[in-house]
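This report looks at how parts of one chain pack against each other. Please keep the sequence and the three-dimensional view at hand while reading.

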Amino acid sequence: MFTDSHCHIYSEYYPNIEEAINNAVSNKVNRFLNNGCDRKTCEEVLKLIDIYPNMYGAIGIHPENVNDYKIDDLKFIEDNLNNKKVVAIGEIGLDYHYTKEDKDKQISLFEKELSLAEKYNIPVIIHSRDATLDTLNILKKYKVKGIIHSFSGSLETALEYIKMGYLLGVNGVITFKNAKIKDVFAKISLESIVLETDSPYLTPEPFRGHSNEPAHIIEIAKFISDLKGVSLESLAKITNNNLNKMFNFNVDN
Ligand code: NI
């Protein structure tokens with residue numbers, strides 16, 4: 001069985017969440033790390049992890065929401081870190097793809113969230129788009145670890161993140177024709193790789209064009225299994241083990 005290490009399961013995208021989860025389970029995906037992006041989605045993640053035993057939460061303010069968040073939202077995140085099923089702060093990071101104009105605000109928010117992660121010794125889920133250098137330099141200032149979600153950089157950057165203790169998330173993008181990231185993941189050790197869908201985004205082939213769902217982890221798994229020459233069983237075992245070492249999935253206390 002596989003884990004979807006990065007998804008956005010909210011009622012806004014999934015009118016029938018139960019069905020999406022059941023469909024995932026029938027496709028060998030039985031654990032989910034649901035990521036919030038703002039106050040509203042974090043509140044929903046907290047509700048859902050309470051309902052679904054195999055769903056865990058990451059709560060954080062995504063860089064695209066840098067102009068809307070309130071300081072009180074960070075307090076809300078901090079107050080909920082004691083929830084045993086909240087295993088990470090995320091999705092957080094830097095995104096300079098559309099504009100660099102709010103760069104300073106993004107960095108300030110990112111650093112506030114990293115400080116929280118360091119203070120509570122909880123991993124982070126990092127979103128970094130067109131911002132590699134700043135992301136690396138800022139992460140180096142904090143004693144944190146976690147996942148570089150949707151990793152899309154060079155081999156050199158990959159190795160640097162790995163050296164810093166991060167895992168690299170691979171998703172449906174790798175199944176796209178001519179995806180350059182194939183060559184990079186071909187050279188990265190499986191011990192540093194985790195599978196994710198980023199549902200409802202980044203739908204893998206052959207479902208490209210449709211909304212994504214955690215069940216599609218299996219398409220990404222098949223691709224990586226071919227690329228790395230390992231069985232699906234071994235891939236599931238190794239990637240789950242990577243996650244188990246990084247996150248505290250024990251909730252029985
Ligand atoms: Ni995401």
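Throughout, contact means heavy atoms within 4.5 Å.

## Basis of the report

The structure is a predicted model, in which local features need pLDDT of at least 70 and side-chain atom pairs count only at pLDDT 80 or more, while totals for chains, interfaces and linings use all residues. Residues are numbered from 1 along each chain as its sequence is written, and side-chain values use heavy atoms, with hydrogens and water left out.

## Nonpolar cores

A nonpolar core is a set of buried Ala, Val, Leu, Ile, Met, Phe, Trp, Tyr and Cys residues joined through side-chain atoms within 4.5 Å, where buried means under 20% relative accessible area, exposed over 50% and partly exposed in between, using a 1.4 Å probe and protein chains only. The largest such core holds 72 residues, and those that touch the most other members are Phe 2, Leu 114, Val 124, Leu 139, Phe 151, Phe 185 and Leu 195. Helix H4 (residues 103-120) gives the most to this core, with six residues; helices here are DSSP runs of H or I with at least four residues, numbered from the N terminus.

Leu 195, once its neighbours within four places in sequence are left aside, is in contact with a set of residues including Phe 2, Val 170, Ile 217, Ile 224 and Leu 235. A second, separate core of 13 residues includes Leu 33, Val 87, Leu 167 and Phe 249.

## Helices H2 and H3

Helix H2 (residues 39-51) packs with helix H3 (residues 71-79) at an angle of about 15°, their axes lying 11 Å apart. Axes are lines fitted to C-alpha atoms, for helices over the stretch in contact, and angles run from 0 to 180 degrees between N-to-C directions. H2 is therefore roughly parallel to H3, a term for angles under 35 degrees. To this contact H2 brings Arg 39, Cys 42, Glu 43 and Leu 46, and H3 brings Asp 72, Asp 73 and Phe 76.

Lys 40 is also found in helix H2, and its relative accessible area of 58% makes Lys 40 exposed. Between Lys 40 and Tyr 10 there are 9.9 Å in space, C-alpha to C-alpha, although the two are 30 residues apart in sequence.

## Met 246

Met 246 is found in helix H9 (residues 232-246) and, at 10% relative accessibility, counts as buried. Apart from neighbours within four places in sequence, Met 246 is in contact with Pro 123, Lys 145, Gly 146, Gly 165 and Leu 167. Cys 42 is 204 residues away from Met 246 in sequence and 21 Å away in space, C-alpha to C-alpha.

Terms used:
Helix = DSSP H or I, 4+ residues; strand = E, 2+ residues; numbered from the N terminus. Parallel < 35°, antiparallel > 145°, perpendicular 65-115°, else oblique.
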